[in-house]
Amino acid sequence: MAIRKSTKMPQTAVLKQMLKRCSSLGKKQQQYDEQGLPLDVPKGHFVVYVGENRSRHIVPITYLNHPQFQILLQQAADEFGFDHDMGLTIPCDEHFFQSLTSTLR
């Protein structure tokens, strides 16, 4: 029996790819620095859009280490894929997202 090498990407690589490919929604309305980063997002944070109304949330990058948040990111990848112009959208209820992130702090 031959040993096959898995072609699945490590989860951290998938998360990095997701963050890299998802662009912010409303770039024209936001103010950006010379590197193209939004001025209202502190270093070490990133933007996600949540719920039916796509409310904008700024969350710490450390959330990427939490299994519960990784599940949400995987759901986003499953539902929206990586190539879209909607920004990083989390497909869950906004109240649930706020409850979850309040426990991650």
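How many residues lie between the strands in the hairpin of β1 and β2, and which residue there takes a positive phi near 80°? The hairpin has four residues between its strands, and Gly 51 is the residue with that phi value. The legends below describe close-up views of this structure, which is a predicted model.

**View 1. The protein chain is built from three helices and three strands.** Followed along the sequence, these elements come in the pattern α-β-β-α-β-α. The protein chain has 105 residues, of which 32% count as buried. Among the contacts that join residues at least 6 apart in sequence, 53% link residues at least 24 apart.

**View 2. The three strands form an open sheet with the order β2-β1-β3 and mixed pairing.** β2 (55-60) and β3 (89-90) stand at the edges, and each has a single partner strand, so one side of each is left without a neighbour in the sheet. Helix α3 packs on this sheet and touches β1, β2 and β3, while its direction makes an angle of about 15° with that of β2.

View 3. On the side of β2, Phe 46 stands opposite Val 59, Val 47 stands opposite Ile 58, and Val 50 has Ser 55 as its bridge partner. On the side of β3, Tyr 49 stands opposite Thr 89. Five of the six residues of β1 are buried, so this strand is largely enclosed by the rest of the structure.

**View 4. Strand β2 has one covered face and one uncovered face.** Ser 55, His 57 and Val 59 belong to the covered face, while Arg 56, Ile 58 and Pro 60 belong to the uncovered one. If its neighbours within four places in sequence are left aside, Ser 55 is in contact with Val 48, Tyr 49, Val 50 and Glu 94.

**View 5. The loop between β1 and β2 contains Asn 53 and Arg 54.** Asn 53 has a relative accessibility of 71%, and because exposed means over 50%, this residue counts as exposed. Although Asn 53 and Glu 94 are 41 residues apart in sequence, their C-alpha atoms are 8.7 Å apart in space. The phi angle of Arg 54 is near 50°, which is a positive value in a residue other than glycine. Most residues other than glycine have a negative phi.

**View 6. The largest nonpolar core has 15 residues.** The members that touch the most others are Phe 46, Val 48, Val 59, Phe 69, Leu 72, Ile 90 and Phe 97. Strand β1 (45-50) and the helices α2 (67-80) and α3 (94-104) each supply at least two residues of this core. As a general background, nonpolar side chains in soluble globular proteins tend to be buried together.

**View 7. Helices α2 and α3 pack against each other at an angle of about 145°.** Their axes are 10 Å apart. From α2, the residues Gln 68, Phe 69 and Leu 72 take part in the contact, and they meet Phe 96, Phe 97, Leu 100 and Leu 104 of α3.

**View 8. Thr 101 is a residue of helix α3.** Is Thr 101 buried or exposed? Its relative accessibility is 5%, and because buried means under 20%, Thr 101 counts as buried. A polar atom of the Thr 101 side chain lies 3.2 Å from the backbone oxygen of Gln 98.

Key. Residues are numbered from 1 along each chain as its sequence is written. This is a predicted model: local features need pLDDT of at least 70, side-chain atom pairs count only at pLDDT 80 or more; totals for chains, interfaces and linings use all residues. Side-chain values use heavy atoms; hydrogens and water are left out. A nonpolar core is a set of buried Ala, Val, Leu, Ile, Met, Phe, Trp, Tyr and Cys residues joined through side-chain atoms within 4.5 Å. Buried means under 20% relative accessible area, exposed over 50%, partly exposed in between (1.4 Å probe, protein chains only). Two strands pair if DSSP finds at least two bridges between them. Contact means heavy atoms within 4.5 Å. Axes are lines fitted to C-alpha atoms, for helices over the stretch in contact, and angles run from 0 to 180 degrees between N-to-C directions. A polar contact is a pair of N or O atoms within 3.5 Å; within protein, one must be able to donate a hydrogen and the other to accept it, and residues adjacent in sequence count only if both atoms are side-chain atoms.
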